[in-house]
Amino acid sequence: MMLKIRGIVAAVLALLPLSAFGHDWHNHAPHKSESRQNTSNSTKIRLPAETRLNISTTRKIYFTNYIARPNQNAAEIAQYFNKFKNVKTRSDSNQLYIECNAIPDHPMMIGIRNWQQQVPLPQPFTGNNAWTLPLRPKLSDNPISVRKNPMRGAIAIAVNGVPIFCALNNRGEDAYKLGELDKWGGHCGRGDDYHYHIAPVHLEEVVGKGNPIAFALDGFPIYGYTESDGSPVGKLDQYNGQFDANGKYHYHATKTFPYVNGGLRGEVTLRGDQVEQPKDSPVRPGMPPLRGAQITDIKTKGEVRELTYTLNGRRAKIVYQPTSANGWKFTYTEANGSVRTENYERRAARDNGRRGGPPPRGRGGPPPRGGDRNGPPRI
């Protein structure tokens, strides 16, 4: 009798598709019946209902000592992030961890004409404060739309390590149309944290056309304006997403609002009014809007950065550089010719509330801060 049962089990295992034991990193298939129970000696896999053997009405069969298929998806996703020098990745069995400083390879801030005097500073998105992406994203029963209800903080991470916020600023207005963004679709929040508000399609020049340019924080990839073969994108849902021919969900960039993912179709963890995510680490207090200013250039020489802008036809600039691990020196040359110097100290790091994941590498998380409060006040 035991030999007969073993024969049945072996036959089922031989015929069972791999999808019963794992999902592709952007496979949306709702295999809700899959579950795992880990022990020190074995991995127990509960088979989906359509493949489970029912020897009796009161017993469920589990296959012990089965080694689950190794997770190959982390490397598949990480290859895009690893093309950029300021980004490092690591993973465990459930998540990909993205460590970066949110400073892209391209210039920043040039062309902004609605400005609150922020400048891009490196952010310590490392260790427990790294970005995370689920390796097996799942569609949510309660998707989040940001078309009318903007969320604080990021909703995606570009493959160059720059966070992506929704198209609307904190006042519910289109940041792109207001002139708050630079030529690459980004600007700085009041934490001097650089981020995008539209899809960074220019990253296709590095990752290759038809490859992901970003990943939403629910784990689903974001592609450019076309399909991977260059053909036009089909009808998108309200989140700027669609299913491909293989039933896999993904998002697309658009040249019109909402520009990037218009929400999160997948499962995420919310903390207050934003998706759980790393925290920026402010150095300066928030600065007021500078009406009429337009940023014309930003240069970096070693650790010294110089941002130039015009105000009422006159040239002005901010020169800033680190003075210690947490200290920064800012020299402001105003449009009227006056010069002043300020020294700032980054606030001490503390736990940002993230739990789980592998041991941290690098510094711990900075003090909590989130949300984009950029742009001039409503008038």
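Me: What share of the contacts with a separation of 6 or more is between residues 24 or more positions apart in the protein chain?
Reply: It is 60% in the protein chain. A contact means heavy atoms within 4.5 Å. This is a predicted model, where local features need pLDDT of at least 70, side-chain atom pairs count only at pLDDT 80 or more, and totals for chains, interfaces and linings use all residues. Residues are numbered from 1 along each chain as its sequence is written, and side-chain values use heavy atoms, with hydrogens and water left out.

Me: What does the pLDDT average for the protein chain?
Reply: The average is 78, and 73% of the residues score at least 70. pLDDT is the predictor's confidence in each residue, from 0 to 100.

Me: Where is confidence lowest, and where is it highest?
Reply: Strand 1 (residues 35-38) is lowest, at a mean of 35. Strand 11 (residues 214-216) is highest, at 98. Residues 2-72 have pLDDT below 50, and this stretch has 93 contacts in the model beyond near neighbours in sequence. Residues 348-379 also stay under 50. For them the model has 98 contacts beyond four places in sequence.

Me: How many helices and strands are there?
Reply: Three helices and 22 strands. They are DSSP runs numbered from the N terminus: helices are H or I with at least four residues, strands are E with at least two.

Me: And what percentage of the residues counts as buried?
Reply: 50% of the 379 residues. Buried means under 20% relative accessible area, exposed means over 50%, and partly exposed is in between (1.4 Å probe, protein chains only).

Me: Switching to His 106. Where is it found?
Reply: His 106 is in the loop between strand 4 (95-100) and strand 5 (131-134). His 106 counts as buried because its relative accessible area is 12%.

Me: Which residues does His 106 touch?
Reply: Asn 160, Trp 184, Tyr 194, Tyr 196 and His 202, not counting residues up to four places away in sequence. With Tyr 196 there is a side-chain to side-chain polar contact at 2.7 Å. A polar contact is a pair of N or O atoms within 3.5 Å; within protein, one must be able to donate a hydrogen and the other to accept it, and residues adjacent in sequence count only if both atoms are side-chain atoms.

Me: Which residues does a cis peptide bond join?
Reply: Phe 257 and Pro 258, with omega about 15°. Pro 258 lies in the loop between strand 14 (249-252) and strand 15 (263-266).

Me: On to aromatics. How many pairs?
Reply: The count is 13 aromatic pairs. Rings of Phe, Tyr and Trp (its six-membered ring) pair if their centres lie within 6.5 Å; planes under 30 degrees apart are stacked, over 60 edge-to-face, the rest tilted.

Me: How are Tyr 320 and Phe 330 paired?
Reply: They are stacked, 5.0 Å centre to centre with 10° between the planes. Tyr 320 is in strand 20 (residues 314-322) and Phe 330 is in strand 21 (residues 327-333). Both are buried.

Me: Which aromatic cluster includes them?
Reply: One formed by Tyr 320, Trp 328, Phe 330, Tyr 332 and Tyr 344.
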